[in-house]
Amino acid sequence: YKISLKNLGFTKTKCLQEFGFAITVWLVCIGIITVWTYILVEYGEALNLEILIPTDNAQYLYEKTGKNLFLMLIIASLIAPISEELFFRVFIFLGLRNFSITKNTTIAAIISSIFFKSFRLFPKYVII
């Protein structure tokens, strides 16, 4: 579609040090979440932590990756969010904004937000 990165909301960072710090914090948080998910999936029932056990989707992903934490980390923290953003912000939002009769950004944002929220409210109907 020949859409530039600037049109997708990407901009050049003014301070590379702050960007590096943000990436480092993000990686540490993702690592903690991955380890916590692993503990809950593997030992949650034995430790009587049923209320904290991740949803069926997380357990399904864990099993489908062959219980590979690194692969699960890549899918859950990189592939899934990037594909969601591209789908909802590029295909849905830009599609509604550019190809609707009104070409109204506000209406496109509201409709794409409703699609995104529906996607989040009904995760059982999402195919992994």
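## Serine 112

Serine 112 is buried, with a relative accessible area of 9%; buried means under 20% relative accessible area, exposed over 50%, and partly exposed in between, with a 1.4 Å probe and protein chains only. The residue lies in helix H4, residues 105-121. Helices (H or I, at least four residues) and strands (E, at least two) are DSSP runs numbered from the N terminus.

The side chain of serine 112 reaches the backbone oxygen of alanine 109 at 3.2 Å. Leaving aside residues up to four places away in sequence, serine 112 touches Phe88, Ile92, Phe93 and Leu96; contact means heavy atoms within 4.5 Å.

## Basis of the values

This is a predicted model, in which local features need pLDDT of at least 70 and side-chain atom pairs count only at pLDDT 80 or more, while totals for chains, interfaces and linings use all residues. Residues are numbered from 1 along each chain as its sequence is written, and side-chain values use heavy atoms, with hydrogens and water left out.

## The chain

The chain has four helices and zero strands, in the order α-α-α-α from the N terminus on. Of its 128 residues, 16% count as buried. Among contacts with a separation of 6 or more, 40% are between residues 24 or more positions apart.

The accessible surface of the chain is about 10400 Å², and 68% of that surface belongs to carbon and sulfur atoms. Accessible areas come from the Shrake-Rupley method with a 1.4 Å probe; for residues, only the protein chains shown count as cover.

## Helix H1

H1 has 28 residues and reaches 40 Å from its first C-alpha to its last, close to the 40 Å expected at 1.5 Å a residue. The expected span is 1.5 Å times one less than the number of residues. The buried residues of H1 are Ile30, Thr34, Thr37 and Leu40, and what covers them includes H3. An α-helix has 3.6 residues a turn, so residues three or four places apart point the same way.

## Nonpolar patch

Leu16, Phe19, Ile23, Trp26, Leu27, Leu78, Ile79, Ile82 and Leu86 make a nonpolar surface patch of about 830 Å². Patches are made of residues with over 30% relative accessible area and no salt bridge; like charges are joined within 9 Å, and nonpolar side chains (Val, Leu, Ile, Met, Phe, Trp, Tyr) within 5 Å. A salt bridge is a side-chain nitrogen of Lys or Arg within 4 Å of a carboxyl oxygen of Asp or Glu.

Helix H1 (16-43) and helix H3 (69-99) each supply at least two residues of the patch. H1 gives the most, with five residues. Leucine 27 is found in H1.

Note on methods
A polar contact is a pair of N or O atoms within 3.5 Å; within protein, one must be able to donate a hydrogen and the other to accept it, and residues adjacent in sequence count only if both atoms are side-chain atoms.
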